[in-house]
Amino acid sequence: MAVPDKDPREEVIQAWYMDDTEEDQRLPHHLEPKQYLSLQQLDELGVLSWRLDADIYETDEELMKIRRDRNYSYMDFCEVCPEKLPNYEEKIKSFYEEHLHTDEEIRYCVSGSGYFDVRDLNDKWIRVWVKKGAMIVLPAGIYHRFTLDSDNYIKAMRLFVGDPVWTPHNRPNDHLPARKEYLKCFVEKEAGNQAVDAAA
């Protein structure tokens, strides 16, 4: 029996269900026993990902193709660490407030690592650990938050369609069209699929 090829993304992206302890947000926060998720399960939440070569991001054809195909015309970099980010303590707290955006959040980790936490379809937290070479797209309308891991450093490329709008809408903001569209595309669709499966 042939062993399926390992998804190369798994070398730079891992996901697991989180515990709900109040310990340092930069710790892994695994459940006991640990419960990992596949990247396919993240895809089903609308969280897209790629593994790219971060050492050649300036000339990487694959990155250029993704940007062309998805119309990511804007690009800049954000370094998150105590030495580089003004108002670091305040910013890291605001990043960790649960929020959504009305546009996709696209981040490409070119150095370091960090955690994006997203809500699953049952409102449970999933921790997504991105490392150098990981590119992640969080869909508009998904509740999420970000924190560094215990290495305290990430440098990420930020991409955007058109002029960037970084406005976080802290939870609850279920009335926003982006949230309603997310629920329709992912949560309600999944509920419909489960009903069909149950009837079969």
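The dialogue below turns to the annotated site and two of its residues.

Mentor: This is a predicted model, in which local features need pLDDT of at least 70 and side-chain atom pairs count only at pLDDT 80 or more, while totals for chains, interfaces and linings use all residues. Residues are numbered from 1 along each chain as its sequence is written, and side-chain values use heavy atoms, with hydrogens and water left out.

Trainee: Where does UniProt place the feature "binding site"?

Mentor: UniProt annotations may be inferred rather than shown by experiment. Here the unreviewed entry places the feature at His99, His101, Glu105 and His144. These residues are spread over 46 residues of sequence, yet they cluster in space, with a largest C-alpha distance of 11.5 Å.

Trainee: Is histidine 99 buried or exposed?

Mentor: Buried means under 20% relative accessible area, and exposed means over 50%, with partly exposed in between (1.4 Å probe, protein chains only). Histidine 99 has a relative accessible area of 7%, and is therefore buried. Histidine 101 is likewise buried, at 10% relative accessibility.

Trainee: Which residues are in contact with histidine 99, leaving aside its neighbours within four places in sequence?

Mentor: Contact means heavy atoms within 4.5 Å. With those neighbours left aside, the residues touching histidine 99 include Glu105, His144 and Pro168.

Trainee: What lies 2.7 Å from a polar atom of the side chain of histidine 99?

Mentor: That atom is the backbone oxygen of glutamate 97.

Note on methods: A polar contact is a pair of N or O atoms within 3.5 Å; within protein, one must be able to donate a hydrogen and the other to accept it, and residues adjacent in sequence count only if both atoms are side-chain atoms.
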